Amino acid sequence: MLERSKLAKFRKQLLGWFRQFQRDLPWRRTKDPYRTWLSEIMLQQTRVAAAIPYYERFLQRFPDVHTLAAAPEEEVLRLWSGLGYYSRARNSQKAAQLIVAKHGGEFPSRLEAVIALPGIGNYTAAAILSIAFGEKHAVLDGNVARVLARLGAIRGDLRESWRWQELQESADRLLDTESPGDWNQAMMELGATLCTPKSPQCLLCPVAQFCEGRKLGIAESLPEKRKKQATVEVTLATAVFRDGKKQTLLLPAPKNTNEKAAADHVPTLVSKMWHFPTLSVNGESAQNLIAFLRKMMPGVQSRKWKLVPAGKVRHSVTYRAITLLPFLIEVKNLPRLRGSRHVPLADISSLPVSNLTRKVARAALAAAVSILDQR
Ligand code: SF4
């Protein structure tokens, strides 16, 4: 990409800029691999500003790999609750347990051992090894790929495997082997702060003079758009029970994949955490929901149940546009189901729940208030 003399200048300018202007982020104040790892996992799919309070709370409760490994899974999920993509939390705990069992509680420093941990791919491994151990591995994620595509005026879908491979080779060639940790963070920082997806700030860019995309006037249009997956509409109906003590009923996530496959009535979109009884519907949502609840709770008296519609909740998960129809069901006593829990409807976050479940609870509470107003 760049000849030797230009490469040295490119590195000097980018590193100089990073060392002077980098954002003060909590995980940059340490070289502890546990903390670097945690920050990298949290930053997958999550913005920096959103991740910071979670990172701080999580570390307060789990300051090291041992405390994370030994914690009840439910507590780990509760502290992750709201960040989304909960497999990250589960995998992190499994990885912590493996680190304790196989590596004596010391974070491994060899690439093969790090990649073997659950939830850690090439990018995260390269980030941890370079930042915490000074190992010479170049990171490549969407941010860095965008910077590289603009610098080299690379067209086409960057996620095609051969092109991604070429980008990795470019990232490896650019890597400053004297300071791989700072270098990787500098590339990420450039992508996050100046070379942003929309309106890159080329006038402030420390490496603008090397940028082919800018010279050709096409930087902003790179990377070229991938073909978008068509949106799939999903409608779910949810039962929010409420008894006289204002408690509600939540169901646990299925414990293993077989159970999950068998539980085809529980849409996987809500089943990874504690959730309200929910079913995928196609018209006739109230009737379908009541039939589903009767099947689920065979011995429970349901003749007097009245399903009160509690509006609509909209939510998106990747390519799925979810419309969720909550129904409030006021009962004298909440049904007792194996594994279920009764918690205050106004405080369901005492259990690990998803944002979607929280939205449903809010809608049901609003419906309950308007019923009271009408009485
Ligand atoms: Fe990105 Fe502009 Fe810098 Fe090129 S000059 S790397 S497009 S910010």
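Me: Which helix gives the largest share of the lining of the second largest pocket?
Reply: Helices are DSSP runs of H or I with at least four residues, strands runs of E with at least two, numbered from the N terminus. Here helix α9 (residues 142-151) supplies five residues, the largest share. The model is predicted: local features need pLDDT of at least 70 and side-chain atom pairs 80 or more, while totals for chains, interfaces and linings use all residues. Numbering starts from 1 along each chain as its sequence is written, and side-chain values use heavy atoms, without hydrogens and water.

Me: What classes of residue line the second largest pocket?
Reply: Ala, Val, Leu, Ile, Met, Phe, Trp, Tyr, Cys and Pro count as nonpolar, Asp, Glu, Lys and Arg as charged, and the others, Gly among them, as polar. The lining of this pocket has 12 charged, six nonpolar and four polar residues. Of its 22 lining residues, Arg 146, Pro 223, Glu 224, Lys 225 and Arg 226 lie nearest the centre.

Me: Which residues are around the ligand?
Reply: A residue is near a molecule if one of its heavy atoms lies within 4 Å of it. Those around the ligand include Cys 195, Cys 202, Cys 205 and Cys 211, together with Arg 150 and Arg 214. The shell divides into seven nonpolar, two charged and no polar residues.

Me: Is His 275 buried or exposed?
Reply: Buried means under 20% relative accessible area, exposed over 50%, and partly exposed in between (1.4 Å probe, protein chains only). His 275 counts as buried because its relative accessibility is 2%. His 275 is found in the loop between α13 (257-262) and β3 (278-280), and its side chain reaches the backbone oxygen of Met 273 at 2.8 Å.

How values were computed
1 Å grid on protein atoms, 1.4 Å probe; cavity = no way out; pocket = protein on both sides within 12 Å on 5 of 7 lines; lining within 4 Å. Polar contact = N/O pair within 3.5 Å; in protein donor to acceptor, adjacent residues only side chain to side chain.
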